[in-house]
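Welcome, and thanks for taking a look at this one with us. Please open the structure below and keep it in view while you read.

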Amino acid sequence: MTSSPESPRSATSGDGPATGGSGDSASNFLLSLRGLAKNFGPVQALKHVNLDIPAGQVTALIGDNGAGKSVLIKTISGIYPPSAGNIYWKGREIHVHTPRDSSELGIATVYQDLALCDNLDIVQNMYLGREETRSGVLDEIKMELATKSLLTDLAVSTVKSVRQLVGSLSGGQRQAIAVARAVMRDSQLVIMDEPTAALGVSQTAQVLELVRTLADRGIAVLLISHNLNDVFSVADRVAVMHLGTLVSEGPVAQYDTSSAVDLITTGGSLRAPASPAPAN
Amino acid sequence: MSMPPDDLLPVTGAPPDPGRSAVMIQVRRLWQSETGLAPILLGLAALVVYFTIRSSVFLSAGNITNLFIQGTIFILLGMAEIWLLLMGDIDLSVGYSAGIGGAVGVIMTNTVHHWPWWIALILAVAACTLVSGMWGVFCVYLRLPSFIVTLAGQIMLAGVLLFLINSQGNSGGSLPVQEKVLHNLVYGDFTPLATWITILAAVAILAWMILRGDQRRRSAGLEGKPMWLTILKVAVLAAAGILLIIIFNKNRSTFTVLNGMPFAIPIDVGVLGLGTFILTKSRAGRYIYAIGGNVEAARRAGINVNRYRILAFMFSGATTGVAGLLYVSNLNGISTGIEGGQYVLYAVAAAVIGGTSLFGGRGKMIHAVIGGLVIATIANGMALINVSAAGLYMVTGLVLLAAVVVDSVARRSSANSAV
């Protein structure tokens, strides 16, 4: 899809600056991180992370507990300011200081707690904070129609009514609503934190299908997961973190379960392909 | 279970076919989730039946009108609490705050100051709004629990009220209402003809809103409620309106002619209508529910939580101000003996009996009306059958407990059936 160098790259080796227009390929990526670091006092949670996220693809971010995945997404979404390094959005350098900054750029983060109001219905949650009004009065009909058509578009067919309270939905449905809300806000990058962690088999399948649908609509998805089955069934690209470092990154075809496990647990793998990717 | 846009709640999956089972589903839905009001309405009906059997006076037009007026203070203070209960907050100072609003109204219009009545009324409401807004600022910016802030507030306001009353010279601990309009807030009546016109107009407007809302959903291609339910709603509304007209227009006095709707009723209805409109049709209302449901979600959705919390405190204060004015009108004055602490408890009880949750996110303005009427009915009926104050307190407490039990059981069963 992109004409970028597709070889898995060690975070400490090839790091060309991602300034757009210098003939560099980074401008083809939706989001590029260069040398991103984050310290909490003496603790180095992120060390010089380089990562490119292309549009229309699912990038899976994997790693053990404490590898720095959560810090990375919180830095991207503006919760933590980076200690060093640059973030490029469509090739232009950006500075996100608050979650609002990132959501205005088009980055939506769906955290594990989903941030839904159980006492409101689906439509009300979808439009929370951005209600449509007609001369000051909430335009329920417009919001309901739009919600219905979006859920149909995303093939979220399991909810019986968009006027159901979110508190009455299943875990997978709630996840779907949180994702649909991100899409409704014209997000171009959707970051999902362990979306399937608490779900059963069929609901996991539904959510993964939704993830796929997002990518097919041209949205970039950054998916954090512990579950390698999920990763290999839905991801286009894989990025592995180990102890705050991005140890490997590349198309999913270059990984298999055992090499991924090696990378997650030790930060390196003899089985990980070191050769350039087939494309280019 | 009871949600803001209740006239938009869907009838999911149940097409309006006239089958018997569809009707049963509707009835169950009505009972379970539509408003959550059914159990307490049945309870109220049971109380009415009981007191009617025990006392021949209870169901007389004069007594029912009286009952509405008795309920006014509980209803209005209950609505003031609902603004805060929806966010999981509470205001323990509304009793004395209402007293201060009333005192401002009384003092400004008395023969010494003689301000125009409307300025006095606005000042009274503004004073209460300001006081509540101040509690809001403390709770929001200093992150203090509203329970403690308003507990301190209650004690302070009790002092302020004493000061206000004693500052008016040799008052002997009470100030009389000396202005006609303030007196008439409760004791003034519409003429029978005006009663007819007002109530019919109100019913017509409500019916039109219901029908138009339904019509708009239908024409947008969204599933709406079945037609018969809408018609039933409108019919009940019309019947209730006619019943009220008959009650209010009966002569309530044995010596002279006393009939027509007391002004207090449209004031209650006006506050109810305005509050319901804000809660269900405006962004502010939506955000108040969201804050009560999941404050973190509200914040992440970009809602200025602090601003809307303070706004809700101010709405609560304004409602308290109206309550205070009707209070002094009803008692024809304000005295240092006002039981401000007691009224707060009854206000919270009214809201909870009606079905509003103490933990935020769930409730409606109408709950205070139903709950307030239940409390007033018990007080009124018990007095008619000569039950002592001891019995009155015990029964009121029991009803509150029963309401909470019914509510939590109903919620549990609906939560179980929701999956």
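## A word on contacts

Two residues are said to be in contact if their C-beta atoms, placed from the backbone, lie within 7 Å. Please keep in mind as well that this is a predicted model.

## Two helices of chain B

In chain B, helix H3 (residues 61-85) and helix H14 (residues 340-354) have axes that come within 7 Å and cross at roughly 70 degrees. Angles of 65 to 115 degrees count as roughly perpendicular, and H3(B) and H14(B) are therefore roughly perpendicular to each other.

Which residues of H14(B) meet H3(B)? They are Tyr343(B), Tyr346(B), Ala347(B), Val348(B), Ala350(B) and Ala351(B). From H3(B), the residues taking part include Ile73(B), Phe74(B), Leu77(B), Gly78(B) and Glu81(B). By type, the residues of this contact between H3(B) and H14(B) are 13 nonpolar, one polar and one charged.

## Chain B as a whole

Chain B holds 16 helices and two strands. It has 419 residues, and 44% of them count as buried. If you take the contacts in chain B between residues at least 6 apart in sequence, 78% join residues at least 24 apart.

## The sheet of chain A

Now over to chain A, where six strands form an open sheet in the order S6-S9-S10-S3-S11-S12, with mixed pairing. Strand S6 (107-110) and strand S12 (245-251) of chain A are at the edges; each has a single partner strand, so one side of each is left without a neighbour in the sheet. On average, and ignoring direction, neighbouring strands of the sheet are turned by 15 degrees against each other.

Inside this sheet, strand S3 (residues 58-63) and strand S11 (residues 237-242) of chain A run parallel and are joined by five bridges. Ile62(A) stands opposite Val240(A) in S11(A). Helix H6 (residues 201-216) of chain A packs on the sheet, where it touches S3, S9 and S10 of chain A, and its direction makes about 150 degrees with that of S10(A). Helix H1 (residues 69-76) of chain A lies across S3, S6, S9, S10 and S11 of chain A, running at about 150 degrees to S9(A).

## Where the chains meet

The contact between the chains takes 28 residues from chain A and 30 residues from chain B. On the chain A side, helix H2 (99-105), strand S8 (137-138) and helix H4 (140-153) each supply at least two residues. Which of these gives the largest share? H4(A) does, with four residues. The chain A side divides into 11 nonpolar, nine polar and eight charged residues.

Notes: Residues numbered from 1 in each chain as written. Chains lettered and ligands numbered in written order. Predicted model: local features only at pLDDT ≥ 70, side-chain atom pairs only at ≥ 80, totals over all residues. Pairing = 2+ DSSP bridges. Axes fitted to C-alpha atoms, helices over the stretch in contact; angles between N-to-C directions. Parallel < 35°, antiparallel > 145°, perpendicular 65-115°, else oblique. Nonpolar A, V, L, I, M, F, W, Y, C, P; charged D, E, K, R; others polar. Buried ≥ 20, exposed ≤ 12 C-beta atoms within 10 Å, placed from the backbone.
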